[in-house]
Amino acid sequence: MTRADADVDVVVIGAGAAGLAAAKELRRLGLSFQVLEASHRIGGRAYTETVGDGEPFDLGCHWLHSGSLNPFARIADELGVAYTKEGFARGYFENGRWSDDSNLEDWFAFLARNEEAMAQVVQSRRDCSVWEATAREDRWTELHDYFMSLYTSHDVDEISTRDVMAYRDTEENWPVKDGYGTLVARYGADVPVSLNTAVTRIDWSGPGVVVETARGRLKAERVIVTVSTGVLAAGDILFTPALPAWKQEAIAGLPVGVHNRICLVFDRDVFGSDVRPGFAVKTGDDEPMAFRVRPFGFNHVVGLTGGRFADWLERAGIAASVDLATEKLAAAFGSGIKKQVTGHNVTAWRGDPWVKGAYSCAQPGQAHQRVELAKPLDEKVYFAGEATSREFFSTAHGAYMSGIDAAKKIAEAETEEASAGKGRKTSHA
């Protein structure tokens, strides 16, 4: 029951997967809310644009990871958003030649050995960086480190082994044909959201909370903060009183890194039917780059970058990203394909002022901070988002689940207060 001087029961900050899920759960539980979003759109790091002849391209999340456990798969079915459960073979082009199947089997064996080495670290009840836990002198080390930078948005020396091994991976990664951003936007279409409303301060010093924005202030019983750890670490939202040291340590231990996507649009199919739909290219001393070729038959290719290299390339600019991806493909398929590139779209998540990166990664020794980040403050300030998920971090469905969890915790707190004779005097509409 809302206090007489409160505008709503709960203010939800952020309209990504976590914020939208929290809002829907609050509505189901009978609590009033207001969602505030700094950007001009909903969806957060789920964002679909179109390229070429209206082809969907996900700038952010694209795969229904751990598909059989992913609630967005069910939501996609309900909303008629297309995805596929089919996997695809991968290839590797290294310094002038394609790897044969026996070579790739050696790669998979290397991955299995590294997985076992990381599992042993966890079993020993200690933690270290992935760099320390995995083989450093193998011919496959560089390729392994590159893919780790995609999975975590960080380089291997910055990644907690314990955190990586805590991720619940069913190895079901289902690409969304219509776009994951499209899926999240449709899911949240019925949620009222105040767009272009950046929160500047949260005052939780009184009996409730006061949320300040450039458009004014809102009073509420509680608040759910779903913004990234990049935004929290930057101090873009001031807290009164300041966040306690343990909460600041949790934020610092879970920084967002960079994972960017480079989309090249072609005027026709220049690859042919024999090309594997997914492969990585390594040329000279350059960083490897993985590509997804003509997804769902679309005439575009998506190259992926992660970690420090992605950070550097983003700062180098769009043209540098396009040139690098084009040169990588030309090395494998001949320079003639350069003439067939007719457009591009390049992401820049570090430069997004409302996210400041791709997704969170626990630093070595900091895997426990996900639990700390999720803890509420004084049963007034609650936190949600992918960084608070212990087993589905860095994913949209991890964020979704965390939003629902935060809303349920608030409902439980409301019930406990009512039982203790602290019920509010007026009800919400």
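Reader: Where is Asp-169 placed?

Author: Asp-169 is in the loop between α6 (161–166) and β8 (174–175). Helices are DSSP runs of H or I with at least four residues, strands are runs of E with at least two, and both are numbered from the N terminus. This is a predicted model, in which local features need pLDDT of at least 70. Residues are numbered from 1 along each chain as its sequence is written.

Reader: Why does Asp-169 count as partly exposed?

Author: Buried means under 20% relative accessible area, exposed means over 50%, and partly exposed is in between (1.4 Å probe, protein chains only). Asp-169 has 44% relative accessibility, so Asp-169 counts as partly exposed.

Reader: Why does Asn-95 count as partly exposed?

Author: Asn-95 has 49% relative accessibility, and therefore counts as partly exposed. Asn-95 lies in the loop between β6 (90–94) and β7 (97–98). Its phi is near 45°, a positive value in a residue other than glycine.

Reader: How do you know that the span of helix α5 agrees with what it should be?

Author: The expected span of a helix is 1.5 Å times one less than its number of residues. Helix α5 (residues 141–152) has twelve residues, so it should span 16 Å; its end C-alpha atoms are 16 Å apart, which agrees.

Reader: What makes α5 mostly covered?

Author: Ten of the twelve residues of α5 are buried. Among them are Leu-143, Tyr-146 and Phe-147. Ser-153, with a positive phi near 70°, follows α5.

How values were computed. Predicted model: local features only at pLDDT ≥ 70, side-chain atom pairs only at ≥ 80, totals over all residues. Heavy atoms only, no water.
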